[in-house]
Amino acid sequence: MTQPATAPLPPEGILKDMRTAPGVDALAQSFMDNLFFVQGRSRERATVNDLYMALAHTVRDRLVERWIQTVLNYCAQDVRVVCYLSAEFLTGPHLANNLINLGIYGDAEQAMRKLGLDLNTLIEQEAEPGLGNGGLGRLASCFMDSLATLDIPAIGYGIRYEYGIFNQEIRDGWQVETADKWLRLGNPWALERPEDAFEVGMGGSTERYCDGSGRFRVRWIPGRVVRGIPNDTPILGYRTNTANTMRLWSAQAVESFDYGTFNTGDFFGAVAEKVSSENISKILYPNDEEIRGKQLRLAQQFFFVSCSLQHILRIQRSQDRPLEDLHRTFAIQMNDTHPAIAVAELMRLLVDENGLEWDMAWHVTTHALSYTNHTLLPEALEQWPVSLFGSLLPRHLEIIDEINRRHLEEVRAKFPGDEERVRRLSLIDESGERRVRMAYVAAVGSHAINGVAALHTELLKTHVLRDFYELNPEKFSNVTNGVTPRRWMVLSNPQLSALLTARLGPGWIHDLEKLRRLEPAVDDAALAEEWRTIRRHNKSQLAAWVHSSLGIAIDPDSIFDVMVKRMHEYKRQHLKVLHILTLYKRIQHNPEVEIQRRTFIFGGKAAPGYRMAKLIIKLIHSVAAVIHNDPLVRDRLKVVFLPNFNVKLGHRVYPAADLSEQISLAGKEASGTGNMKFAMNGALTIGTLDGANIEIREEVGADNFFLFGLTAQEVEQKKAEGYDPRAYYESNPSLREVVDALAGGEFSGGDRDLFAPLIQSLLTHDEYMLLADYQAYIDCQDRVAAAWHDHDRWTRMSILNVARIGKFSSDRTIRDYCSDIWKT
């Protein structure tokens, strides 16, 4: 039988060009093709989500072309690849950012308009991946953007949490956590790669044996095994053909269904292993107050680290490169302490699984790994009870014991007779319940240790990791954090970006230091007027959103005094509340007093088990309720809490802020990145000499920064002398009045018990020294009000903040990592 004639298929290049051709018409055609062939919908039957998904696939098609070519380029060249291990990647929505980086935002807008659609509606439809809790995960995503923009080969490794960080709802002023179902309607940006899965063991035991060559070896026999499935997302640089990979692992059971158990009638038992395995990647940061929560946290960390290292070793072998040269091919960065188990796992993979001698494996491990510390808080440095650690990772505990033995030999050789130093430097804390000190494991197993702001790094050297600095000072360096201007200016603040481009050309988007060229025009009246118009527009946009979402009317002509960050006592949101109450009392005492109208805007989530942080959220809402119901002050002061603060909401908030609250106790904040986002959008900062505030003040100028509060040295001195918070309370009538109002139930419907834990903490302990800094903060806020009254002065300060913020681009940060740590 004669076969029917068929037309030859077009060459691959032609098919690719047809699918990803440039221009408005090509985008519109690709969109309709994806709507029909990928979503399976006609235009008439399509939902808003169908339309968003069709556009996302249209954009992803254009990413994939660059993505595949990037991988081929890396394989063909002898390059060192950065592998960024992070428990969090708070990417934010992808669609708008990819349109900007591709340079097709305007074309997409026209294409959608041609089809009778609104691009902004489709952008708003995208669910935000809740794969981070705050600065740590957002920083990792800024770094991925800059790595691609600078054409640096990189892979970001983490966990694809099924539910991510919780959604925050506010009920009667209290935070309530609900599941973040970000995957409910699908994720068009990631490609699942089940054929690239790896198996990860846990529990079990170890046994000693001799191999065929007579070498002593150790074999780990896990008690259970889970499978890690990679989900790959292309991360495109700005106006470049480089698209790096973010690989996030999801956990699955090796055998997800027990047929025999099912047939006995035990239907739940048949899927027990599936449920247990998938719990590993179920949610971000399970509550670890109980032992089972701790076990799950450690299992999560080991799971993604093991999958990632196995993948790295597979790449090395696939390129026919010896494992002894792994450190020459890969620079593996541990983003904080969560991935610190990489030290022991890489040793296990090299020694146990691949037969390297210990000394060679240690050389490879320590030259491949580097460690970024992000915290000065002892509770965030992670210590695991030896009993828990050994039950989950018995072989890794043995490896850490051996690393510790050799490490302490080095300590004794360098500091003979100093057994107290030996005790302090041990990877195992022997005081009380024995614990594995993960920050110490990371420090010993890395060739480089960096802090994320100048003060933070100095405090690491002198306090947190002082003994390690004295042992190996050459390991330590500072790399001050930065954020990407593509998301936090070009995307978030399009009108300001257009103004800057009109004045300076587009080069500032690649090189933020070029904003300095704005300085000569700082006194230009036309620039100042346009600047104020843009800022008024941004504030009106936020005010409209607040009214439509929360039903609260706020005045765009008031000072937008903003504090959006993770809820924690050291960040001192309750000090901000004391300022609000001070203004409230001034108006009560003298209704004619001149006080600039202010809108206080809060946002941030409290960890589910952090009771005091949750109480502070309740306090903010209670104060807001009293103020909004008091006709004497409600037109002069407004308090707004933005529930479920995330990247998407940050796009609205940062460009609209007038005043950025960075008021942590000096010596507690590692860096901060919100301070940078606010400043690069024209907000002025009120802050302490903490974290990156110090460097921001140095860059923008002391006259353009509102400084108050104790220094880190003064904090240390006062605590050494015996800090007495009650003495500040007794000697300051204004402070005593607002504290007594809270304690007396004035803001809790007469309930004296509601805020008693907070009041007691402040008066008896005051760990973060609010009462010591209170008066300096109030005086500084009065200076803020005076500056606001002079609109020309405020505008000038705002312009200079933007013009001098170039240092805080993540592009500069990545260049520093490349030159000082990664050598790539």
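Strands β13 and β15 (residues 435-437) pair in the antiparallel sense over three bridges. Here strands are DSSP runs of E with at least two residues, helices are runs of H or I with at least four, and both are numbered from the N terminus. Two strands count as paired if DSSP finds at least two bridges between them.

The model is predicted, so local features need pLDDT of at least 70 and side-chain atom pairs count only at pLDDT 80 or more, while totals for chains, interfaces and linings use all residues. Residues are numbered from 1 along each chain as its sequence is written, and side-chain values use heavy atoms, with hydrogens and water left out.

**Two sheets**

Let's stay with that strand pair for a moment. Which residue of β15 is the bridge partner of Q383? The partner is R437. The open sheet here has three strands in the order β13-β15-β14, with antiparallel pairing. Its edge strands, β13 (383-385) and β14 (428-429), each pair on one side only.

Another open sheet has six strands in the order β20-β19-β18-β21-β22-β23, and its pairing is parallel. At its edges stand β20 (637-642) and β23 (706-707), each with a single partner strand, so one side of each has no neighbour in the sheet. Within this sheet, six bridges join β18 (residues 559-564) to β19 (residues 598-603), and I559 stands opposite R598 of β19.

**Nonpolar cores and a buried helix**

In soluble globular proteins, nonpolar side chains tend to be buried together. A nonpolar core is a set of buried Ala, Val, Leu, Ile, Met, Phe, Trp, Tyr and Cys residues joined through side-chain atoms within 4.5 Å. Buried means under 20% relative accessible area, exposed means over 50%, and partly exposed lies in between (1.4 Å probe, protein chains only).

The largest core has 114 residues, and those touching the most other members are M202, F303, I332, F389, V436 and W822. Helix α10 (residues 291-318) gives this core its largest share, eleven residues. Apart from it lies another core of 86 residues, including V59 and I509. Contact means heavy atoms within 4.5 Å; beyond its neighbours within four places in sequence, F389 has contacts that include L298, W384, V436 and M438.

Helix α24 (residues 611-628) is largely enclosed by the rest of the structure, because 13 of its 18 residues are buried.

L139 sits in helix α7 (residues 135-149) and counts as buried, at 2% relative accessibility. Leaving aside neighbours within four places in sequence, L139 is in contact with H374, N481, G482 and T673. L139 and T484 are 345 residues apart in sequence, yet 8.9 Å apart in space, C-alpha to C-alpha.

On a 1 Å grid over the protein atoms alone, a cavity is a set of points where a 1.4 Å probe fits but cannot get out; a pocket is an open set with protein on both sides within 12 Å along at least five of seven lines, and lining residues have an atom within 4 Å of a point. Grid points are joined across faces, edges and corners, and a volume is the space filled by probe spheres set on the points. Four cavities reach 30 Å³ or more.

| Space | Volume | Residues closest to the centre |
|---|---|---|
| Largest cavity | about 180 Å³ | T91, H94, N97, I235 and R487 |
| Second largest pocket | about 1000 Å³ | Y105, N120, L491, S492 and P494 |

Which helix gives the most to the lining of the largest cavity? Helix α7 does, with four residues.
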